[in-house]
Structure formats: C-alpha cells, structure tokens
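Colleague: I have just opened this one and would like a walk through it. Could you take my questions as they come?

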Amino acid sequence: MVLISCIKIVPQAQALVVERLGAYLGTWSVGVHFMVPFIDRVAKRVVLKEQVVDFAPQPVITKDNVTMRIDTVVFFQITDPKLFAYGVENPIMAIENLTATTLRNIIGDLELDQTLTSRETINTKMRASLDVATDPWGIKVNRVELKNIIPPAAIQDAMEKQMKAERERREAILRAEGEKKSTILVAEGKKESAILDAEADKQAAILHAEAEKEKRIKEAEGEAAAILKVQQANADGIRYLKEAGADEAVLRLKSLEAFVAAADGKATKIIIPSEIQGVAGLVKSVAELARKD
C-alpha cells in the first residue's frame with residue numbers, strides 16, 4: 001500500500017507541485033511519477049485550464065458622485081504552478097480584492113454617462129491592470145467583463161423618464177417626416193396627373209385637328225371631283241353640238257341657258273355679254289313674228 005501510494009498519475013491539463021522535506025522539489029506534468037515514501041509529498045494540485053470567477057457586485061463612486069454597484073467576471077489561467085502555489089496565500093481572494101480596487105480607480109475617473117457607455121474601455125483597462133498585478137502569482141488574466149451595472153433607484157427612474165422622452169421625441173420626428181413625405185408624394189401625384197391630363201388634351205387636340213384636316217381634304221376633293229364632272233359634261237355637250245353642226249346662234253343660246261342655270265332662280269340680276277344680248281333680241285323678234293302669223 002505504501003508503494004502504491006507513491007505512484008502518482010497526473011491527468012491532462014493538471015500539474016502537481018511536489019515538495020521534499022518541505023522544500024520545493026519540482027512540478028510534475030502529465031504522466032506517471034514516483035515519490036519517495038515519507039519524504040516527498042504533493043504540496044498543491046493545480047488545474048491548468050482556463051477558469052471563470054464571478055465576483056459579487058462591488059460599490060463604486062463615479063466622478064460626478066453617483067454610487068452604483070458593479071459585478072465583474074474574470075477569465076484567468078494558471079501559467080506557472082510554482083508561482084501559483086507559493087506566490088499568494090489565497091489567489092482567488094487576491095484577484096477579487098484586486099478587481100474591486102482596480103474597478104474603483106477606473107470608475108472614479110468617469111462620469112455616470114461615460115460609465116454606462118464605455119464598457120469595452122473599462123474591460124480593457126481592467127484586464128491590463130490585473131494581468132500585470134497577477135503575473136508574479138503565475139496567473140494570466142485573459143478577459144474581464146462587467147456583468148451588471150446597477151445605478152441607484154432615483155437614477156434609474158430619471159434614466160427611464162429620459163428614455164421615454166427621447167422615444168416620444170423620435171416618434172414625433174418620425175411622424176412629422178412621414179406626413180412630410182406623404183404631402184410630397186400627394187403633390188407629385190397631382191403634378192403627374194396634371195401632366196398626363198395636359199398630354200391627353202394635347203393628343204386629343206392633335207387628333208381633332210387631323211380629323212378636321214382630313215374632313216376638309218375630303219370635302220375639297222369631293223368639290224373638285226364635282227366641278228370636274230360638270231366641266232366634263234359641259235365639254236361633252238359642246239363637243240356634241242360641234243359634231244351636230246350647230247351654228248353660232250345655237251351656241252350662244254346654249255351659253256344663255258348656262259347663265260340661267262348659274263342663276264338658279266336666286267339671282268336678281270344677270271349680266272349678259274353683248275354677243276348673247278343680240279341673240280336674245282333675235283329670238284324675241286322671231287317669237288313675235290310667230291305670234292302674228
């Protein structure tokens with residue numbers, strides 16, 4: 001049993017600080033080790049994994065004399081088992097007290113608003129200070145976090161009122177911006193509608209003008225065709241008279257008939273050329289001789 005008790009197996013991520021006759025002998029790492037009975041002993045078993053310690057809230061005072069409570073979380077790792085075993089009597093208590101004093105020093109230089117908005121800066125300063133202070137103890141501080149910042153009840157009420165007022169102000173600004181955008185959109189919509197209406201009126205006027213133009217062109221073409229037909233008929237009549245061998249008197253009578261047709265019973269006066277007037281007199285004389293016979 002004595003021999004078995006002298007065999008020591010060190011697991012992974014652990015180390016044993018061994019003393020011989022009360023003096024430091026060495027640090028045993030992972031593996032199997034043998035001790036001398038009644039002479040060697042294990043002074044301390046050290047865990048080399050990263051460890052987390054959550055410290056209770058500590059009262060601190062800001063630069064503007066506001067008392068608050070802050071609790072911290074420290075992530076540390078033992079790098080030297082010998083220094084950890086002989087450097088300080090109670091390492092965890094030492095780290096807690098060192099964290100409280102360092103936190104008070106840092107917060108004492110900041111005001112309340114800076115404390116609430118500068119967590120990352122506070123964490124960085126605390127980690128640097130603790131890492132330097134714990135280095136002689138064989139401890140490396142990897143990270144420090146402010147878990148909770150608890151201001152007094154009166155300060156919390158004032159902050160809540162301030163936040164409520166800020167939210168109401170933002171709501172009013174957003175509502176005003178929404179109404180402004182809505183008014184702008186309505187005005188732009190009316191403008192676009194007026195432009196479209198003007199464009200539609202313009203297109204309608206153009207189409208109406210084109211239709212009127214087409215109508216007048218058709219009417220002019222119809223009148224021209226009618227005049228052409230009349231002239232053609234007159235030309236055909238004259239040609240037929242010439243072919244029939246009509247003399248000059250007949251031609252003048254036809255001309256007189258053309259004047260009568262031109263008057264269409266509406267004209268009160270008809271100006272007849274002198275040549276046709278002679279023919280008219282001849283016709284009247286012949287008609288009188290016929291009545292006497």
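Colleague: Is Asp54 buried or exposed, or something in between?

Modeller: Asp54 counts as partly exposed, because its relative accessibility is 42%; buried means under 20% relative accessible area, exposed over 50%, and partly exposed in between, with a 1.4 Å probe and protein chains only. Please keep in mind that this is a predicted model, in which local features need pLDDT of at least 70 and side-chain atom pairs count only at pLDDT 80 or more, while totals for chains, interfaces and linings use all residues. Residues are numbered from 1 along each chain as its sequence is written, and side-chain values use heavy atoms, with hydrogens and water left out.

Colleague: Which residue does Asp54 form a salt bridge with?

Modeller: The partner is Lys147, and the closest N and O atoms of the two are 2.8 Å apart. A salt bridge here is a side-chain nitrogen of Lys or Arg within 4 Å of a carboxyl oxygen of Asp or Glu. Lys147 is partly exposed too, with a relative accessible area of 43%.

Colleague: And which parts does that pair tie together?

Modeller: Asp54 lies in strand β6 (residues 51–54) and Lys147 in strand β9, so the pair links parts that are 93 residues apart in sequence. Helices (H or I, at least four residues) and strands (E, at least two) are DSSP runs, numbered from the N terminus.

Colleague: How many salt bridges does the structure hold?

Modeller: It holds 10. One of them joins Arg175 to Glu171, with the closest N and O atoms 2.9 Å apart. These two are separated by about one helical turn, because they are 4 residues apart in helix α6 (residues 153–244). Arg175 is partly exposed at 44% relative accessible area, and Glu171 is partly exposed at 46%.

Colleague: Where do Tyr24 and Tyr86 lie?

Modeller: Tyr24 is in strand β3 (residues 23–28) and Tyr86 in helix α2 (residues 81–86), so the pair ties together parts that are 62 residues apart in sequence. Tyr24 is partly exposed at 32% relative accessibility, and Tyr86 is partly exposed at 41%.

Colleague: What is the strand order in the open sheet?

Modeller: The order is β3-β2-β5, with 3 strands in antiparallel pairing; two strands pair if DSSP finds at least two bridges between them. β3 and β5 stand at the edges with a single partner strand each, so one side of each is left without a neighbour in the sheet.

Colleague: How many bridges does β2 make with β5?

Modeller: β2 and strand β5 (residues 40–47) pair over 7 bridges, and in β5 Arg45 stands opposite Leu16, while Val42 stands opposite Val18. A further 5 bridges join β2 to β3, where Thr27 is the bridge partner of Val17. β2 and β3 form a hairpin with 2 residues between them, and Leu21 in the turn has a positive phi of about 55 degrees.

Colleague: Is strand β2 mostly covered or uncovered?

Modeller: Strand β2 (residues 14–20) is mostly covered, since 5 of its 7 residues are buried.

Colleague: Last one, how many residues are in the largest nonpolar core?

Modeller: That core has 29 residues, and those with the most contacts inside it include Ile70, Val74 and Leu146. A nonpolar core is a set of buried Ala, Val, Leu, Ile, Met, Phe, Trp, Tyr and Cys residues joined through side-chain atoms within 4.5 Å. Apart from it lies another core, of 6 residues, among them Cys6, Val10, Val18 and Trp28.
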